Amino acid sequence: MAAHGTGEAGSAACGAVIRIHLLFSDGNIADASFQASGKEAVIAAGSILTDVIKDKSWQEAAACGVAGLRDLIGDGSAERDAAGESGAGFKIDGNKAAQ
């Protein structure tokens, strides 16, 4: 897929890296794919994220965030986020999305 936008989160030093590729059409995410290495949870989150953000605007997708993914997975981690223990953020470059 020739992506219009790409974002990356994680750290090779920590053993978990995810790269999300986005293709836009009519202002929305027409397709999303990911590459991940490391822990199974990172791979699962990438799979869930790419399903959830399809057909959404980049603003809606960016609003999902780590807490939103955890809520979708249902592991009860939202409480840790509220306590300030959230994971690495993932940012989508809106300038690329607008192209």
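Accessible areas here come from the Shrake-Rupley method with a 1.4 Å probe; for residues, only the protein chains shown count as cover. On that basis the protein chain has an accessible surface of about 5,900 Å², with 50% of it belonging to carbon and sulfur atoms.

This is a predicted model, in which local features need pLDDT of at least 70, side-chain atom pairs count only at pLDDT 80 or more, and totals for chains, interfaces and linings use all residues. Residues are numbered from 1 along each chain as its sequence is written, and side-chain values use heavy atoms, with hydrogens and water left out.

**Whole chain**

Show the protein chain as a cartoon. Helices (H or I, at least four residues) and strands (E, at least two) are DSSP runs, numbered from the N terminus. Their order from the N terminus is β-β-β-α-α-α-α. The chain has 99 residues, and 28% of them count as buried. Buried means under 20% relative accessible area, exposed over 50%, partly exposed in between (1.4 Å probe, protein chains only).

Colour by pLDDT, the predictor's confidence in each residue, from 0 to 100. The chain averages 74, and 67% of the residues score at least 70. A contact means heavy atoms within 4.5 Å.

**The strands**

Select strand 1 (residues 5–11) and strand 2. They run antiparallel, joined by seven bridges. Two strands pair if DSSP finds at least two bridges between them. Look for E8, which stands opposite R19 in strand 2. The two strands form a hairpin with four residues between them. G15 sits in that turn, with a positive phi of about 85°.

F24 has I29 in strand 3 as its bridge partner. Strand 2 is mostly covered, with seven of its 10 residues buried.

Next, pick D26, in the loop between strand 2 (16–25) and strand 3 (28–37). This hairpin has two residues between its strands. Phi of D26 is near 55°, a positive value in a residue other than glycine. Most residues other than glycine have a negative phi. D26 is exposed, at 79% relative accessible area.

**Q35**

Move to Q35 in strand 3. Q35 is partly exposed, at 45% relative accessibility. Q35 touches V17, I18, R19 and H21, not counting residues up to four places away in sequence. Its side chain meets that of H21 in a polar contact of 3.1 Å. A polar contact is a pair of N or O atoms within 3.5 Å; within protein, one must be able to donate a hydrogen and the other to accept it, and residues adjacent in sequence count only if both atoms are side-chain atoms. Now set a C-alpha to C-alpha distance from Q35 to I20: 6.6 Å, across 15 residues of sequence.

Which residues does S57 touch, not counting residues up to four places away in sequence? Select S57, in the loop between helix 1 and helix 2. The partners are G27, N28 and I29. S57 is buried, with a relative accessible area of 14%.

Finish at D55, in the loop between helix 1 (40–53) and helix 2 (58–73). D55 is exposed, at 62% relative accessibility. Its phi is positive, about 70°, although D55 is not a glycine.
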